[in-house]
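The sequence and structure are shown first.

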Amino acid sequence: ALMDRRRRAIAFLVAGCFFMENLDGTIVIVAAPVIARDLGVTSASVAITVTAFFLTVAVLIPVSGWLTERFGVRRVFSWAIAVFTVASLLCALSTSLPMLVGMRVLQGVGGALMVPVGRLAVLRSTPTAEIIRAIAILVWPGLVAPIVAPFVGGLIASYASWHWIFLINVPLGVVAWIVALRIIPESEPPETTRLDVVGLVAVVIGLGSLVWGTSAVSESGIDVVTFAVGTGVGLVCTVLAVRHLLRTPAPLVDLRAFRFESFRVANAGGSVYRATISAVPFLLPLLFQDAFGWTPLEAGTIVLVLFVGNLAIKPATTWM
């Protein structure tokens, strides 16, 4: 019974961290026009803060597995929470767009380790028969955060300062850090192979260049040179990375997992869905505010309705 309670506590802790990361990724979008006016830039320019965060998360997630094997789940998870929390405070203290982008990159470092390593802690402590229920607990925050974020972000942007968008992470992060140190068990890190530096560099350059290149497509048109160079370098490096990861005996990411049909199908379809659903909460608030002239609160409230439907179907998914 004690182990069951500990497993549930770990699952809810990781779910809370997932909520915090998703909230932070989404809440900035609604306040983008307000942040832009305060920093003296355009609303579309603020998009780089979102891109910087998710780009950092994307390129560093592959190394989270090696770090966990090297230093242990408890140490990496707690440090990830600490980095994310400190970075949130620094985001609130930013006085220019470049500074804000830099702090968002630091936030991405914490986010890249926090949720994947936390999920690993849950899966390692959960019996096979309970995996579906544990995953359901972890998924809920990803659906709740987009519902709460537009409304909260609009409320803060309309009646307070945009700085509070980041400051709300500080008490949440401190509590999560303390709880993590108390309930995540110490584990002896297993013997691990050397870090696949070639794979890491190829993945970072490949994914980073692809995101950088595609970000050249904006409301003002297409920066053809940036788009061509970024996507070209990204595609070449990604192909080389895949080739290397399939051939090396100890790859950074074991792509051979895609040989399993269930894993391959889930990631192929899931990636398309996640790309689509993640774009909507960024595009709609900008449309409503910049094109229609709505307030952040009005835009956030309307976007909230979209995710109410997303959340409403969730109770049936585990049963289905």
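Under the criterion of a side-chain nitrogen of Lys or Arg within 4 Å of a carboxyl oxygen of Asp or Glu, the count is 1 salt bridge. The model is predicted, so local features require pLDDT of at least 70 and side-chain atom pairs count only at pLDDT 80 or more, while totals for chains, interfaces and linings use all residues. Residues are numbered from 1 along each chain as its sequence is written, and side-chain values use heavy atoms, with hydrogens and water left out.

The salt bridge joins the side chains of Arg256 and Asp254, at 3.2 Å from N to O. Relative accessible area classifies a residue as buried (under 20%), exposed (over 50%) or partly exposed (in between), with a 1.4 Å probe and protein chains only.

| Residue | Relative accessible area | Class |
|---|---|---|
| Arg256 | 23% | partly exposed |
| Asp254 | 42% | partly exposed |
| Ile205 | 37% | partly exposed |

A nonpolar patch on the surface is formed by Val197, Val201, Val204, Ile205, Trp212, Val225, Val229 and Val233, with about 650 Å² of accessible area together. Two or more residues each are given to this patch by α9 (197-214) and α10 (224-247). Helix α9 supplies the largest share, 5 residues, and Ile205 is found in α9. Patch residues have over 30% relative accessible area and no salt bridge; like charges are joined within 9 Å and nonpolar side chains (Val, Leu, Ile, Met, Phe, Trp, Tyr) within 5 Å. Areas come from the Shrake-Rupley method with a 1.4 Å probe, and for residues only the protein chains shown count as cover.

Helices (H or I, at least four residues) and strands (E, at least two) are DSSP runs, numbered from the N terminus. Gly72, which follows α3, has a positive phi near 95°.

In total, the chain has 13 helices and 2 strands. Its radius of gyration is 20 Å, close to the 20 Å given by the globule rule for 320 residues, so the chain is as compact as a globular protein of that length. The radius is taken over C-alpha atoms, and the rule is 2.2 Å times the number of residues to the power 0.38. Along the principal axes, the C-alpha atoms fill a box of roughly 55 × 50 × 40 Å. Buried residues make up 42% of the 320 residues.
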